[in-house]
Amino acid sequence: MRIAIVGFGTVGKSLLQVLSRKRDYLREKLGFNFKVVAVFKRDGAFIDAQGLDVGSLAFISDYKRHPKWKTDVKADDAIEELDCDLIVEATPTKIETGEPGLTHIKKALESGKDVVTANKGPLVMAFHEISDLAIKRNRLLRYEAAVLGAVPDAGLVRETLQGNEITYLRGILNGTTNYILTRMTFEGTSFEIALKEAQQMGIAEVDPSYDVEGIDAACKLVILANSLMGDHVKLSDVKREGISHITPEAIELASIDGFLIKHVASIEEGQLEVAPRLVEKSSPLAVGGTLNVLSFGTDLAGEITLIGRGAGGIETASAILGDIINVAKIRGYTKTIS
Amino acid sequence: MVKVEVELELQDRPGQLVGVLESIARFGGNITSVYHHRERKRGEAVPVSISFDVAETRTARMIVSTLRKLGFTVVRAGIERKAFDATIILVGHVFATNITDTIERIMSTKAVVNKVNARIKSLQEVSSVKFTIQANSRQVLERAINTTKTICQEKDLRLIRSL
């Protein structure tokens, strides 16, 4: 299988690492052979129809000196003509437009390529448009990495729980806010101090509003609603409240009655909401640190709860790899396994 | 879930209480307390209060009528639907924006604010106030929460509600 990767940030590089690490394992266990024929960066691309050396590319420092580097080759212009089977979309997320990922995905599907995306933007903006396009072109679209990183929510619902309807959904979909609230709970610190600490540790961005105002969690909630529950909702349908007003006193008051304050994203009776909520300490949602959790109700299987790492390069690459293998199996690139 | 409290007059002899408890248990009642009011004993009759939980009001009534049919003297039977409750925390100038009015308006939905717990640093800073709200139906509880949301918007308070 010939793979092209669009995006050369943390996720793109982690994926190259993982692909290099797992090459022998995939060949021996699944009979799966692949070549990475292109890796697109914003200002150019590494291109080799014979397959790039993914191991060395992952740790490259002076990329412009790489023998396969071509300046000014843009993914936008190159995707359609590129001779490959699958495109991995891993460019940074722009929530306002879904671009440039949205165009990359559309062009890939239009030109007959399967798509694995780690990019939330296109899914938030145009989930039904691109999934309908994939169906129309008889292509596969996979997005396990886009929501909750390594946590296998999309695949679980698509494969294992097929036949079930999802009736409600609750979760902690952002590791940064969960980290901040966890620190406030156990150290009794203010929001400001916990945020500063998270920034120093690289858990929170310099501009933390995307996380602490609940925008990131709201985006993920929109994708979950549209993909897992078959809704047709947009970001503006989510009622959203951040955590910056949470006081250590409120956390202490909650604790007396056995509650934690958690930044919970929920879909209940058609209502989409991200807000600080009181969660019982014994609840499956009561996970600490940067962990993510997703709990959902099904009509047959009852309630299912998933807990895991929602962010991180290698964790996200794990989800992408799973999607790549899923596509490879369906397209017959692996040996038959019972 | 329904909470039931019955007061009976039992003859002060062995086997009386067992008969009552067996009847309750047979219908799936979960006995939570038994109390003998020996200080109020009149002749051979001892007042006994028994509390139990049972799934439905209908079952509770059946238990009480069965006890009567078996010849026990039921002096009083209180059947109370167990409350639906929610815990909320308000963050903001909860006192400066007339906390009495806030509570009265929540209670006007027929829900009861039965516990208030506050953390105040100074009157200039925001306070955090926890309310426990009880209602005898889910609808009333929802109405109380919706009223609280409206109040919070008006008074610029942040609402944190239990899941």
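Tutor: Two strands are said to pair if DSSP finds at least two bridges between them; helices (H or I, at least four residues) and strands (E, at least two) are DSSP runs, numbered from the N terminus. The structure above is a predicted model, in which local features need pLDDT of at least 70 and side-chain atom pairs count only at pLDDT 80 or more, while totals for chains, interfaces and linings use all residues. Residues are numbered from 1 along each chain as its sequence is written, with chains lettered from A and ligands numbered from 1 in the order in which they are written.

Student: Which residue of β6(A) is the bridge partner of A:Ile87?

Tutor: The partner of A:Ile87 is A:Val115. β5(A) and β6(A) run parallel and are joined by 4 bridges. Strand β1 (residues 2-6) of chain A also runs parallel to β5(A), again through 4 bridges; here A:Ile5 stands opposite A:Val88.

Student: How should I read the two faces of strand β5 (residues 86-89) of chain A, and are they covered or open?

Tutor: In a regular strand the side chains alternate between the two faces of the sheet. A residue is called buried if 20 or more other C-beta atoms lie within 10 Å of its own, exposed if 12 or fewer, and partly exposed in between, the C-beta atoms being placed from the backbone. In β5(A) both faces are covered: A:Leu86 and A:Val88 are buried on one side, A:Ile87 and A:Glu89 on the other.

Student: What is the peptide bond between A:Glu99 and A:Pro100?

Tutor: The bond joining A:Glu99 and A:Pro100 is cis, with omega about 0°. A:Pro100 belongs to the loop between β5 and α4 of chain A.

Student: Into which domains is chain A divided?

Tutor: Domain bounds come from an automatic or database domain assignment. For chain A that assignment gives domain 1 (2-149 + 314-330) and domain 2 (166-310), with C-alpha centres 29 Å apart. Residues are in contact if their C-beta atoms, placed from the backbone, lie within 7 Å; the contact takes 11 residues from domain 1 of chain A and 15 residues from domain 2 of chain A. On the domain 1 side, α5(A) gives the largest share, 5 residues.

Student: How many residues of chain B are in contact with chain A?

Tutor: The interface brings 13 residues of chain B into contact with 17 residues of chain A. On the chain B side, β8(B) gives the most, with 4 residues. Strand β11 (residues 271-280) of chain A runs parallel to β8(B), with 2 bridges joining them, and A:Arg277 has B:Arg161 as its bridge partner.

Student: What is the secondary structure of chain B, and why is it described as spread out?

Tutor: Chain B has 4 helices and 8 strands, in the order β-α-β-β-α-β-β-α-β-β-α-β along the sequence. The radius of gyration of chain B is 22 Å, well over the 15 Å that the globule rule gives for 163 residues, so chain B is more spread out than a compact globule. That radius is taken over C-alpha atoms, and the rule is 2.2 Å times the number of residues to the power 0.38. The C-alpha trace of chain B spans about 65 × 30 × 20 Å along its principal axes, and 24% of its 163 residues count as buried.

Technical notes
Contact = placed C-beta atoms within 7 Å.
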